[in-house]
Amino acid sequence: PTGAVTWIDARHAIVARSQDGGARITTVEAEPGAGSPDLAKVVDAIGDPDRILILGPDAMRVELEREYVAIHRRPERLLDVERDERHDEATLVRRLRELTSA
């Protein structure tokens with residue numbers, strides 16, 4: 001299965017997405033004065049994989065989940081939306097491997 005693991009907060013989003021047997025990392029920064037990253041850009045970086053894990057503060061996670069469902073109409077792909085501490089790229093890639101190997 002394909003997957004994506006995303007960390008989002010008010011400053012930026014980091015997306016680790018499975019691609020060609022590896023992981024592709026994309027960062028979406030908030031525009032100055034915007035208050036948060038452009039959620040449509042984050043959803044575009046996530047794509048439409050089989051499994052999606054969203055991490056970060058509650059408000060941002062819920063907003064991103066709603067944006068994903070509004071664009072792709074696939075809520076069943078959001079396997080786990082959870083609050084978690086900040087993650088770096090290496091941790092997101094590790095979680096991606098766990099997500100796509102299950």
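Start by selecting Asp-48: this residue is partly exposed, with a relative accessible area of 33%. Here buried means under 20% relative accessible area, exposed over 50%, and partly exposed in between (1.4 Å probe, protein chains only). Before going on, note that this is a predicted model, where local features need pLDDT of at least 70 and side-chain atom pairs count only at pLDDT 80 or more, while totals for chains, interfaces and linings use all residues. Residues are numbered from 1 along each chain as its sequence is written, and side-chain values use heavy atoms, with hydrogens and water left out.

**Stop 1: a link across the chain**

Asp-48 and Arg-77 form a salt bridge, their closest N and O atoms being 3.3 Å apart (a side-chain nitrogen of Lys or Arg within 4 Å of a carboxyl oxygen of Asp or Glu). The pair links distant parts of the chain, 29 residues apart: Asp-48 sits in the loop between α1 and β4, and Arg-77 in the loop between α2 and β5 (78-82). Helices (H or I, at least four residues) and strands (E, at least two) are DSSP runs, numbered from the N terminus.

**Stop 2: helix α2**

Select residues 58-72, which make up helix α2. Which residues of α2 are buried? They are Met-60, Arg-61, Leu-64 and Tyr-68. These cover an arc of only 100 degrees around the axis, so they lie on the same side of α2; the arc is that of the directions from the helix axis to the C-beta atoms. Turn to the face away from this buried side to find the exposed residues Ala-59 and Arg-66.

Next, pick Arg-61 and Asp-58, which form a salt bridge with closest N and O atoms 2.1 Å apart. Arg-61 is buried, at 7% relative accessible area, whereas Asp-58 is partly exposed at 37%.

**Stop 3: the core**

Keep Leu-64 selected and show its contacts (heavy atoms within 4.5 Å). Not counting residues up to four places away in sequence, Leu-64 touches Thr-6, Ile-8, Leu-39, Val-42, Val-43, Ile-46 and Ile-54.

Leu-64 and Tyr-68 are among the residues that touch the most other members of the largest nonpolar core, which has 16 residues. Such a core is a set of buried Ala, Val, Leu, Ile, Met, Phe, Trp, Tyr and Cys residues joined through side-chain atoms within 4.5 Å. Helix α1 gives the most to this core, with 5 residues.

Notes. Expected span 1.5 Å × (residues − 1).
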